[in-house]
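Hi everyone, thanks for making the time this morning. I'd like to walk you through a structure, so let me put it up on the screen.

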Amino acid sequence: GWSLEGHHLSLNYTLIGDRIAAGPLFLGARPTVVPEWSGVDREPMAVEEAVAREVLLSLDQTKRAVALFDDQTPGDTITRAATKALDLPKQGRPRSERAAAQRERALAVVREYLSARPPSLSAATFDRVVATPDDDLWFGWAGAAQDGIYYYRMSGPGWYIEHDNSRNAATHIHSA
C-alpha cells in the first residue's frame, strides 16, 4: 500500500492482487477563502459545500427540519482518523424521502469527492453508492442551514462522507 499525506490531504491506496483499493480519503482547507493577488479569490472545497447545501435547501420545510438533525455541529468529523468506515448513526433523511432532482444533487456531492481519485478507481465506488438501497443512503446536516458553521454527512453501508466547517469561525474544513 501507499499513501500521499499532508496536513489537509490524505490519499490511501492498497494493492490487492491485481486490484487497487482506494481509501480512506481525507481533505481539508484552511483558510476556506484564499485571496489571490490577481483579485480572484480561490475557495478550496466550495463545490463540496455548495452542492450539499443545495440538497438541504431544496427540501421542503418539514423534511429540512428532520435533515437538520442538530443546531450544533460535532466540532470535527466524528470519524476523525478512522482507518475503516465506522457505523455512523442514521441521522437526517434517507434517499427514499427525496425527489429525483434532490437525489441527483446528492450524487453530485459524491462525484465531487471522488474526483480527488483517478477515474478508474472512482467508478466502482460511485457505482456502489448508486446501488445503495434508498432507505440505506442518508443525508444529514448540523449547524447553520445558510452561511456559517456547519457539518454534513452522507452515509450508506460501509461508506460515508463527512464534511465539517466548524473551527476557526467557519474558516477551517475537515472532510473524510
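Let's start with Lys90, which counts as exposed because its relative accessibility is 52%. Before I say more about that residue, please keep in mind that this is a predicted model.

So which residue does Lys90 form a salt bridge with? The partner is Asp136, and the closest N and O atoms of the two are 3.6 Å apart. Lys90 sits in the loop between strand S4 (68-70) and strand S5 (93-94), while Asp136 sits in the loop between H4 and strand S6 (138-143), so the pair ties together parts that are 46 residues apart in sequence. Asp136, at 26% relative accessibility, counts as partly exposed.

Now please look at Asp134. Its side chain meets that of Arg95 in a salt bridge, at 2.7 Å from N to O. Again, distant parts of the chain are linked: Asp134 belongs to the loop between H4 and S6, Arg95 to the loop between S5 and H3, and 39 residues separate them. Are the two partners buried or exposed? Asp134 has a relative accessible area of 28%, so it is partly exposed. Arg95 has a relative accessibility of 6%, so it counts as buried; the cut-off for that is under 20%.

How many salt bridges does a search of the whole structure find? The search gives nine.

One more of them deserves a minute. Asp164 forms a salt bridge with Arg167, and here the closest N and O atoms are 2.4 Å apart. Both of these residues, Asp164 and Arg167, are buried.

You'll find Asn168 in the loop between strand S8 (159-167) and strand S9 (172-175). With a relative accessibility of 37%, Asn168 counts as partly exposed.

Met45 is not a glycine either, and its phi is positive, at about 70°. Where is Met45 found? It is in the loop between S3 and H1. Met45 counts as buried, because its relative accessibility is 10%.

While we're on the backbone, let's turn to the peptide bonds. Gly23 and Pro24 are joined by a cis peptide bond, with omega at about 0°. Pro24 lies in strand S3, residues 19-29. Further along, the bond from Arg30 to Pro31 is cis as well, with omega near 5°. Pro31 is placed in the loop between S3 and helix H1 (46-58). If you're clicking along, Met45 is in that loop too, between S3 and H1.

On to the helices. Helix H3 (residues 100-114) packs with helix H4 (residues 119-131) at an angle of about 160°, and their axes are 10 Å apart. H3 and H4 are therefore roughly antiparallel to each other, since angles over 145 degrees count that way. The crossing of H3 past H4 is right-handed.

H3 also packs with H1. There the angle is about 165° and the axes are 9 Å apart, which makes H1 roughly antiparallel to H3. What is the handedness of the crossing of H1 and H3? That crossing is left-handed.

Last stop, strand S1 and the surface. Trp2 has its place in strand S1, residues 2-6. Because its relative accessible area is 45%, Trp2 is partly exposed. Together with Leu15 and Ile20, Trp2 makes a nonpolar surface patch of about 310 Å².

Gly6 is in strand S1 as well. At 39% relative accessibility, Gly6 counts as partly exposed. To give you a sense of scale, the C-alpha atoms of Gly6 and Leu68 are separated by 32 Å, and the two residues are 62 apart along the chain.

Key. Residues numbered from 1 in each chain as written. Predicted model: local features only at pLDDT ≥ 70, side-chain atom pairs only at ≥ 80, totals over all residues. Heavy atoms only, no water. Patch = residues over 30% accessible without salt bridge, like charges linked within 9 Å, V, L, I, M, F, W, Y side chains within 5 Å. Areas by Shrake-Rupley, 256 points an atom, 1.4 Å probe, with all protein chains shown as cover. Salt bridge = Lys/Arg side-chain N within 4 Å of Asp/Glu carboxyl O. Helix = DSSP H or I, 4+ residues; strand = E, 2+ residues; numbered from the N terminus. Buried < 20%, exposed > 50% of the residue type's maximum accessible area, 1.4 Å probe, protein only. Axes fitted to C-alpha atoms, helices over the stretch in contact; angles between N-to-C directions. Parallel < 35°, antiparallel > 145°, perpendicular 65-115°, else oblique. Left-handed = near helix turned anticlockwise from the far one by under 90°.
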